Amino acid sequence: MTGAGMTILKHLIGAMLLLSALLTAIPAHAQFADADLTTLVDALAPGSFKDRETAIGNLVASGDPRAVPVLETLLEGELYFDETGGKVVFTSASGGKGAISDPVTGADLSDLTEADLEKVKVNNSLRRVLRTAIGQMTLLSEDARVRLSAAQSVLRDADPAQLELLDSAISAETDVRIKRVMEQARAVIMLKSPEASVEDKTAAVPVVLAIGGRDALNTLTTALASAPDEIRPTIESAIDGLARDRAAWDVAQNVWFGVSLGSVLLLAAIGLAITFGVMGVINMAHGEMVMLGAYTTFVVQEIIRQNAPGLFDWSLAIALPAAFLFTGLVGVAIERGIIRFLYGRPLETLLATWGLSLIIQQAVQRIFTANIREVGNPSWMSGSFELGGLAITWNRFYIVIFALLVFVALLLVLKYTAIGLHMRAVTQNRRMASSMGIRTPLVDAMTFGLGSGIAGLAGVALSQIGNVSPNLGQGYIIDSFMVVVFGGVGNLWGTLVGALTLGIANKFIEPYAGAVLGKIIILVLIILFIQRRPRGLFALKGRSIEA
Amino acid sequence: MTVGNRMIAGLGLGVAMTMGAIAVPAVAQDETIKVGVLHSLSGTMAISETTLKDTMLFLIDEQNKKGGLLGKQLEAVVVDPASDWPLFAEKARELIEVNGVAAVFGCWTSSSRKSVLPVFEELNSILFYPVQYEGEESQRNVFYTGAAPNQQAIPAVDYLMENEGVERWVLAGTDYVYPQTTNKILEQYLLDHGVAAEDIMINYTPFGHSDWQTIVSDIKTFGSTGKKTAVVSTINGDANVPFYKELANQGVMAEDIPVVAFSVGEEELAGFDTTPLVGHLAAWNYFQSVDTPENEAFISAWQTFMGNPDKVTNDPMEATVIGFNLWVQAVEKAGTTDTDAVLDAIIGLETPNLTGGIAKMLPNHHLTKPVLIGEIQADGQFEVVSESELVPGDAWSDFLPESKMIEADWTAPISCGNYNTETKTCGGSEVAAVQ
Amino acid sequence: MITQALFRALDKKAIWLVAILLLVAVAVPASNLLLPVDSPFRLPNYAVPLFGKYLTFAMLALALDLVWGYCGILSLGHGAFFAIGGYAMGMYLMRQIGTRGVYANPILPDFMVFLNWKELPWYWYGMDNFWFAMLMVVVVPGLLAFIFGFLAFRSRVTGVYLSIITQAMTYALLLAFFRNDMGFGGNNGLTDFKDILGQSISAPSTRAALFAASAIALALAVLACSAIVNSKLGKVMVAVRDAESRTRFLGYRVEYVKLFAFVVSAIIAGIAGALYVPQVGIINPSEFEPANSIEVVIWTAVGGRGTIIGPIIGGVLVNVGKSYFTGAFPEYWLFALGALFVVTTLFLPKGIVGLIGQYRAATTKREQHDRDAPTPMQVEAGADPQPKPAE
Amino acid sequence: MSEAREKLGTMLYLDGVSVAFDGFKAINNLSIIVHPAEMLAIIGPNGAGKTTMMDIITGKTRPDDGQVLFDGRTDLTKLDEAAIANLGIGRKFQKPTVFESHTVWDNIEMALKKPRGIFATLFYTADDEDIARITEILETVRLLARKDDYAANLSHGQKQWLEIGMLLAQDPKLLLVDEPVAGMTDAETVETAKLLKDIAKTRSVVVVEHDMSFVRELGSRVTCLAEGAVLAEGSLDQVSANPVVIERYLGR
């Protein structure tokens, strides 16, 4: 029904709302004297969570719009009180103008000291109460965005007690979109409420059905239990329809999860497809290149945090080239320092790079300590959006896109650039290439650098979904080798198809077998698959290969 | 000489050299009291354990500033068991036999503790184990200064039932012994409290699991039946960061489906932005945010020692501190570091918790601890929303049929770790053999 | 026939090695048990199982060398056979605990009681009998190697493909053994052993006996391996390593040759694992870690593969180094270990044994051939190249 | 009927054999017959499918289509390399392939016609007869003086000879010899031709060769392959006079 556009919009509006709510000054037709309101506000501080809940109720009952920012600040956990006097205040963190200000009058209260200030504590149930309260109080707000968010909050709670308020809001509402949300909320309340008439309930079913997805299914399933017999068939058929949709979407959801897991595998493996697949270096330090990429992201973000916090949303864009260059250079250094002495001895490279991986891990641990480092998600990579019945998280979405971009870019580089041509020439016939004037040492270094640089890029992306610690690489190395070998060594397309196949297979097995058994099954399947095709998915046929 | 015997000669020389290398320190001087620190400094557990190594160095440094112990300076002997469980046993043996340490502070995982238990028993030394664990154990030579299940899991579930009205439960954990046991206990506890079997979902994931899409999505589905749902997470260390990131991104809000974790502390939260996770919970016996003078003093001394004003503290650190303080007191009381004397002296000793209240060493080698429930804040700290009275640690869970009749009491006349109150005997004769 | 094969095995090197091992088998326990405590020549108690552990690691490295050094099969999953042998021994030791477990259950090990299991799973039956358990130490790794090898070698999976699926095998087993539902104690594994054959496992005499058993087992493994590599079959194995398809055209069933080496190697690894467990006192899934198997490859390479003595030297030296450095330089030892591997590959392509060979070559000229013989890796690189890039 | 009889008398019988790699037809409807104790020389340009043909006969490559019979009865397409080798088909590779880390003696010993089973091999000890046989072969290929040297240390030509020696040790009924004289001196080439002719008195020999003077030396029947099929057959003179052969292979 409403489609993706609508839901994405909702998502965006929702995100902007908290900010706007804080900034929007609601015109104050004070029904309460400042002093009275202050008493109510100050009552928020003392006592237990239960007392605080009562205090919130009283504040809401006042109906005074000036209470809204106070409640919002409390919801944010930024409302403070003065330990000595018990006065509830705003601080600069809570959006007060001065250092410390009065939440009702806005007066400057800088005679209070920060040290005496204590947070007014909220817990989850209090947050729920606050959200409902704010929703209630802002349902008639003049700002459409505030109203929309209020309507959504009412829809979430669907408290029959708010029916009257909701009805008046619906009749006053002019915005179609907001009105629809309110009507949906009303329908849900109807289905919930034991007092609602059969007609009201019957009328509510299609409205709820139109919400679609899991929420509608839940509402209807819950309603079915208490529904009068007359409307049971209506609800049941609605449920059946939704469940059918759901089952179809679940398959799609699994495919998406699989693609997303596959893209992570692809990112982790693609650098290895170069260093191992193309050059034949059994590069056990590949995971450490990924890890260095992730730490580069950390360092870039730290610098940005300290020097230019405004650029934070650009941190990844800055980290990508930085990580590529840094890990690429490390790769070149490794190639020049160690690998080049080992060409033609592929298994020796395993030992040397394993040793290297230990050294790199330990070095990173010495520099950054063993603790997990914080790498933040930029705002555009946080949260999720809905596409029909699919819930897609932004970070996974971007990682899928990013993985495919890296893949395509790599293909293009190998196919169409001079360096790519040289790389293929050298790896296919070193002597011939060198006699044709290609500087093979340079090409070797560049190839290894490219593979390592791509691993660094993967590190930037993977830092967004996992943790950044010296062991990060170890978690990906085995999977990466599986992917490259499964796909067929030396074939980039094999790596792509291999990664996606393993990802999707994993996600279809997981719901039945569980995560642990699922992984075991995948490994056994890989072993059996290699028996069938001893050179991977995309093996070349012909006699030259088998020599 | 053939290649063979040259090499063999070399081998013999190598072995001899090692013997020398390891054996020499055995004839050690006695001007200091040595304390063993057995925490992984490399491998997968280094993330968690290096901090505890630093904590020990800090505590020993502080104690030496106060004049040491029994007039001698303390000396830390640090080894790296490298997250390798059999190596823990080897290193424990080395600490006790070669370095002659008076006590060992160490281990994190249950596997590592299980691996060293026989060593401490055989060589009759002392281990202070500072991490919350699954219980079902009480060994003569081990002091469990972290939480037993009744000091963490059960109070957390109680809190959710009472304050959040949770009726439907997801028990999600890493597939190893601690979560398995804890979940077993919790499942029984929930069933006893009238939760229907279909309202409990149990899910296990491998170590270091990084792809949480399916599971978080399943949790959302499970939690959307209208009944209030909560997740009890016994997910291990480094799998938590991707788990919470996925929770945040899939929009699982604490107000809808709160997640209460037993293995997530300040250190783990330092790994990501917690803004979207505000309100999710953790149950511990210590939070850095707890506002007591002891804690404040500890944190600032620690941060000064580490030279990093942002260094966080966490629960296993506090457990290490308490264990260390109790050991120091016991040695002072006994006037010697002799194992048997210290084992006797330490029972009943008390030291203040950093979070208030008194930690008392019980006859079952566990402590009294307050249980704190904290909500995650946007700054990566926890806000305490509930604090219990002091709870005595119970080695043997009362919610498992096999262990409810077992008690541990290391004081006379029982003096055993698994006294069966029904048969009035000690279960394993290992204990009898030692005594 | 067999006597002839054995006789062949007793070339000079092997005789020396076996003699030294037997000497060690007597000397170490004797020094520990017979000498007075204050004697400077007395081995301290802790050293006996520690040295015993090194010997089992050496045995594991020797097993790997049989398939890798001689037959060209780089197994990255040999730790799995070691661990399975260890688990078989662990199961026996577990059943010996009997009522001395914390729950005093005469049949079920503690962890089963703990997880509310009511009866012993079928695969635990019979493991309370020492000889049956010892049979399993041999049979289970051998059978796994047979099935895995049969499938893989029949399909002619070679090179890195084989290496990676052996890694997949050990990784899958790692995950499986982590599962508590498997009935092997999950992550904690099997531990807290009391007795072996009625003797307390922590008694110095038992330790000494276990050490002697390890040394003798290693000596027997040396004999078996040198009997094999000195036989015509051993030559065929090397032929398979150097030029697999040529060997086929001579009419040898390469898959059976590989299978034989793989199974024998797995059995030796299993026995090593079985001896390892009572000496370290624990067996748990971390032994299946792919990293452990890679380390075995490294011991072998450091010592010098394609020789009998090399892996033994490598297995002992690297682990002695690890023991020493983790204690002496806990914060830096990984640098040392990592550097050792890098330096070995760069400067000692034939391992420590090769170094001795080089030294000898410089002083004598007589054994021209040894030096000029191609090293395994040169040949391997020539005969079994990485697949050509696809594009 | 006659076809069946025709097969019966042959040592090697290829009929309508085709194989393709990724769409490229390496062998296209190839038919060749070799009789017992007969020598056949195969010539042809690069890529004519000579080596692929050998691969098919020795079981390395499975044909997509066609019949490959040994000794008139045994279907070689159903067997693997080892089984085919044990039937009595020996192969010498284009690039000399000997076991470089074994001595010359061991190379021959391994090739010697003996039970190939695992345990038979494990417990094998050379008896006097075997030693005599190996010595005889080494004499034939003139490597007796170097019997204790590693094969790696032989010259290129010596390796070729060692490989021929290994073929002899296998005591095959049919020898497939791929470019045996590549890298040999003229004198060696002559010797090799003599040796092969000698062998062909009792066994069937198929020689693939580029060196026309060597082929002339052999004086056998010649088949010219091109693009995976037979271009011409007959004596060398007949074949080299064939205009198609001149155009496609010999040039000008």
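Two residues are taken to be in contact if their C-beta atoms, placed from the backbone, lie within 7 Å. The model is predicted, and local features need pLDDT of at least 70, side-chain atom pairs count only at pLDDT 80 or more, and totals for chains, interfaces and linings use all residues. Residues are numbered from 1 along each chain as its sequence is written, and chains are lettered from A and ligands numbered from 1 in the order in which they are written.

The contact between chain C and chain B takes 54 residues from chain C and 54 residues from chain B. Helices and strands are DSSP runs (helices H or I, at least four residues; strands E, at least two), numbered from the N terminus. Several helices of chain C each supply at least two residues of the side that touches chain B, among them H2 (12–34), H3 (47–70) and H7 (159–178). H13(C) gives the most to this side, with nine residues. By residue type, the side of chain C that touches chain B holds 30 nonpolar, 17 polar and seven charged residues. Here Ala, Val, Leu, Ile, Met, Phe, Trp, Tyr, Cys and Pro count as nonpolar, Asp, Glu, Lys and Arg as charged, and the others, Gly among them, as polar.

A residue is buried if 20 or more other C-beta atoms lie within 10 Å of its own, exposed if 12 or fewer, and partly exposed in between. A nonpolar core is a set of buried Ala, Val, Leu, Ile, Met, Phe, Trp, Tyr and Cys residues joined through C-beta atoms within 7 Å. The largest nonpolar core has 458 residues, of which Met59(C), Leu62(C) and Ile165(C) touch the most other members. Leaving aside neighbours within four places in sequence, the contacts of Met59(C) include Ala217(C), Leu218(C) and Ile268(C). A second, separate core has 33 residues, including Met182(A) and Leu217(A).

Chain D contains eleven helices and ten strands. Its C-alpha trace spans about 50 × 40 × 35 Å along the principal axes. Buried residues make up 48% of the 252 residues in chain D. Among contacts in chain D between residues at least 6 apart in sequence, 67% join residues at least 24 apart.

In chain A, strand E5 (residues 384–387) and strand E6 (residues 390–393) run antiparallel and are joined by four bridges. Ser384(A) has Thr393(A) as its bridge partner in E6(A). The hairpin of E5(A) and E6(A) has two residues between the strands, and Gly388(A) takes a positive phi near 60° there.

How values were computed. Two strands pair if DSSP finds at least two bridges between them.
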